[in-house]
Amino acid sequence: MTTHTRPTVVIADKLAPSAVAVLEHDFEVDSIDGTDTVALHSALAGADAVVVRSATRIDAAAIEAGPKLKVIARAGVGLDNVDVASATARGVMVVNAPTSNIVSAAEQAVALLLATARNTAAADASLKRGEWKRSEFSGVEIANKTVGVVGLGKIGQLFASRIAAFDTDVIAYDPYVQPARAAAMGIRLTSLDDLLMTSDFISIHLPKTPETLGLIGKEQLRKVKPQVRIINAARGGLIDEHALAEALHEGTVAGAGIDVFSSEPCTDSPLFGLPNVVVTPHLGASTREAQDNAGLAVAKSVRLALAGEFVPDAVNVESGGIVDEDVRPLLPLAERMGQLFTAVSDAAVQSVTVEVRGEVADSDVSVLQLAATKGLFVDVAEQVTYVNAPLVASERGVDVGLFTSPEGADFHNQVTVRGALADGSRVTVSGTVTQGPKETRKIIDVDGYGVDIEAEGPLLLLRYSDRPGVVGLIGSMLGDSQINIAGMQVSRREPGGEALMVLAIDAEAPADLQAKLAEEVGAKVSSVTLLD
């Protein structure tokens, strides 16, 4: 008797109980201390997935220790502790939870700005020492001040909308945002220099990249108003901490609220001894809601990844991101059309075009090209995933292109995989998803032969010379092999010419049966078991 074991997920850092419960429902869960390298590598030896937060480092050695590893999930936003390049080379998907903590992070920046404006932390410490020194902690109002937002991504936008409620004038620097989009949010875009020179408060909301590292240093701090207060609850290293400490000490910057540091954990910084600085130990995502959101998001992503499905939050997948709801039903169809294309091809594939026609072509359908590419190689290469499918195609010299048009579809929406083979022949397969209460994926065309059969499970395809008795012969041979026919379609262009039969069967046809069918029917036989 064969024992089917569930996939194993290693939880290497503390995760929200709600997320652990979700994972335990579907997988074997192994919770360890990921900061213990020996224990981590040992656990990864049998792991299908690993979930981390910020403490555990998944480097090239850790990835190498996990030969079965399919997905690395970071229950948070940053990926500083994950070697994404090594994971991609191995075909291992890397996912995070990019929107799980955006509200918490924005609120933390607002909290730091308010605390800095009113000297809250210093006043709190003084009073708890038994001192009553009201005059030493006079602050400033936020109303009618200019607040500069550096980085207008999701968190920057949330921060801007919240701080605008204090009757502030919000300006922003972000070279990747269109002025019209910013204007729609009531924000004026400007240059970084202008923002530095005109802002009373500056809040930074950028990712840490080679371009943003050290973005605000000694030179930039010389340009600010002396009454400016600077907030960084984004990523450590965006501000030069030593230059900021010097500016605060000299009085060229009035105050700062800092939640992140260039090296963490950080227990010693030139900022710590300054009374006009509020510091917190990277608390941007430290709310119950953010931790629950992050854990549940990556648990969902792990489940999708281990099921071989597309994961919107995968950071190392081409065409990653949110998939339009009209496109999502076509993802498995495109993958299956890629599979079918390979199954009916007699020679190596040279080039393929994924055609998407119908109303859905008005959406971003680039993910369907990726899905079809995965399908092309899933039965002929080892461990093909959404991560490494383009790399597999490149290594095999197969060029995969995309063509879209809202016109020319025989159905509401249609996905066609069309390509050239090394022997000069061409192959075309098409499918659609029927609309209605139950979505059904169907094959509608194979090399110009119109068919109507569900694109699922084991399929047997035979091309033969059209003549009486063939259908009965094939049925008898399958029956003798105890293989039940679930559905059948026969298509031909003219009587007595070549015919195509597509059979949906309950069990895969063994190779010897296929050889016997080819010989006795005089048919070219292909088979495929389409992905679930």
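Ile-485 counts as partly exposed because its relative accessibility is 30% (partly exposed lies between buried, under 20% relative accessible area, and exposed, over 50%, with a 1.4 Å probe and protein chains only). This is a predicted model, where local features need pLDDT of at least 70 and side-chain atom pairs count only at pLDDT 80 or more, while totals for chains, interfaces and linings use all residues. Residues are numbered from 1 along each chain as its sequence is written, and side-chain values use heavy atoms, with hydrogens and water left out.

Ile-485 sits in strand S20, which spans residues 485-492 (strands are DSSP runs of E, at least two residues, and helices are runs of H or I, at least four, numbered from the N terminus). Together with Val-471, Met-488 and Val-490, Ile-485 makes a nonpolar surface patch of about 280 Å². S20 supplies the largest share of that patch, three residues.

How many of the eight residues of S21 are buried? Seven of them, so to speak a mostly covered strand, running over residues 498-505. The S20 and S21 hairpin has five residues between its strands, and Gly-496 takes a positive phi near 85 degrees there.

Ser-405 is part of strand S14 (residues 399-405), and it counts as buried because its relative accessibility is 13%. Gln-514 belongs to helix H17 (residues 511-521); with a relative accessible area of 16%, Gln-514 is buried. Each has a polar contact listed below (a pair of N or O atoms within 3.5 Å; within protein, one must be able to donate a hydrogen and the other to accept it, and residues adjacent in sequence count only if both atoms are side-chain atoms).

| Side chain | Backbone atom | Distance |
|---|---|---|
| Ser-405 | nitrogen of Glu-407 | 3.1 Å |
| Gln-514 | oxygen of Ala-509 | 2.9 Å |

What else do they touch, leaving aside neighbours within four places in sequence? Ser-405 is in contact (heavy atoms within 4.5 Å) with Val-356, Arg-357, Gly-358 and Ala-361. For Gln-514, the list is Leu-460, Ala-509, Val-525, Ser-526 and Ser-527.

Key: Patches are made of residues with over 30% relative accessible area and no salt bridge: like charges are joined within 9 Å, nonpolar side chains (Val, Leu, Ile, Met, Phe, Trp, Tyr) within 5 Å. Accessible areas come from the Shrake-Rupley method with a 1.4 Å probe; for residues, only the protein chains shown count as cover. A salt bridge is a side-chain nitrogen of Lys or Arg within 4 Å of a carboxyl oxygen of Asp or Glu. Two strands pair if DSSP finds at least two bridges between them.
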